[in-house]
Amino acid sequence: MAPTSGGNTRTRVHVVSDVHGNVRDLAQAGEGADALICLGDLILFLDYADHSRGIFADLFGRENADRLVALRTARRYEEARAFGAELWAGVGMDRAAAIEKAVRRQYAELFAAFPTPTYATYGNVDMPSLWPEYAGEGTRVLDGERVEIGGWTFGFVGGGLRSPMRTPYEISDEEYAAKIEAVGEVDVLCTHIPPEVPELVYDTVARRFERGSRALLDAIRRTRPRYSLFGHVHQPLVRRMRIGATECVNVGHFAGSGKPWVLEW
């Protein structure tokens, strides 16, 4: 990757989100760019497209993964949790330890694939406490913070809001809003979840509304960044729309597409 530059030289940034274990394409995602931005969800716990992949399937097999996906898709979350608890009890494993061990294996490969420089924030399906162990010198982790790239200011807010899915990094609306406030006015606002706009939060395949942030929407209207970039919703009803002066872009389900979104100025 070329060094980041400003002035009259054009800057090119590649942006990915929802990597979900796609190490092969992640290793190529920064080619030709001055920097890579990753908006989280590195872990692949359960693959809704291929139920044989992910931590859950590795531990409990394809058939059990089929059933868990079916329960979650039908929004039978309590049954899904009970089914999972039954499986864990049956194998006699320490759940937290087994998951952490599997996540560590994935993180070791994924963080090693990041080019230099990479700017990253957490998704809701991430374990932030482990990131400092795997983020090398070329990877800067940001959450409620700003950084300058090529003369533009980028703000980063990680994580998701609390939901029935109970994914690893879900926080309260108040905590999330405080991080948005801490970022302030920026040229590009980078988050894992989208602003709370129906067209941006509805997943057409899962056939449900994911959680978006009202605080993020309010900040977009108030501070008018050039871009709001996010992921989280894998098959959105609308991938791109304007809110006032701001271009809002779902940068894509990288696990499925394998292609970064390109921002150049």
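## Confidence

The model is predicted. Its chain has a mean pLDDT of 94. Of its residues, 97% reach 70 or more.

One stretch needs care. Over residues 2-6, pLDDT stays under 50. The model gives this stretch twelve contacts beyond four places in sequence. Where pLDDT is low, predicted coordinates should not be read in detail.

## The six-stranded sheet

Six strands make up an open sheet. Their order is β5-β6-β9-β12-β14-β13, and the pairing is mixed. The edges are β5 (145-149) and β13 (240-243), each of which pairs on one side only. On average, neighbouring strands of this sheet are turned by 20° against each other, direction ignored.

Inside the sheet, β6 (residues 152-157) pairs with β9 (residues 188-191). The sense is parallel, and there are four bridges. V157 stands opposite T191 in β9. Helix α7 packs on this sheet and touches β5, β6 and β9. The direction of α7 makes about 170° with that of β6.

## Helix α7 against helix α9

Helix α7 spans residues 173-183, and helix α9 spans residues 214-223. The two pack at an angle of about 20°. Their axes lie 9 Å apart. Because angles under 35 degrees count as roughly parallel, α7 is roughly parallel to α9. The crossing of α7 past α9 is right-handed.

Which residues meet in this packing? From α7 come A177, I180 and E181. From α9 come A215, L216, A219 and R222. Five of the contact residues are nonpolar, none is polar and two are charged.

## The five-stranded sheet

A further open sheet has five strands, in the order β4-β3-β2-β1-β15. Its pairing is mixed. Strands β4 (139-141) and β15 (261-264) stand at the edges. Each has a single partner strand, so one side of each is left without a neighbour in the sheet. From one strand to the next, the twist averages 20°.

How do strands in a sheet pair in general? They do so through backbone hydrogen bonds, either parallel or antiparallel. Here, β1 (residues 12-16) and β15 run antiparallel. Four bridges join them. The bridge partner of R12 is E264 in β15.

Notes:
Residues numbered from 1 in each chain as written. Predicted model: local features only at pLDDT ≥ 70, side-chain atom pairs only at ≥ 80, totals over all residues. Heavy atoms only, no water. Axes fitted to C-alpha atoms, helices over the stretch in contact; angles between N-to-C directions. Parallel < 35°, antiparallel > 145°, perpendicular 65-115°, else oblique. Left-handed = near helix turned anticlockwise from the far one by under 90°. Contact = heavy atoms within 4.5 Å. Nonpolar A, V, L, I, M, F, W, Y, C, P; charged D, E, K, R; others polar. pLDDT = per-residue confidence, 0-100. Pairing = 2+ DSSP bridges.
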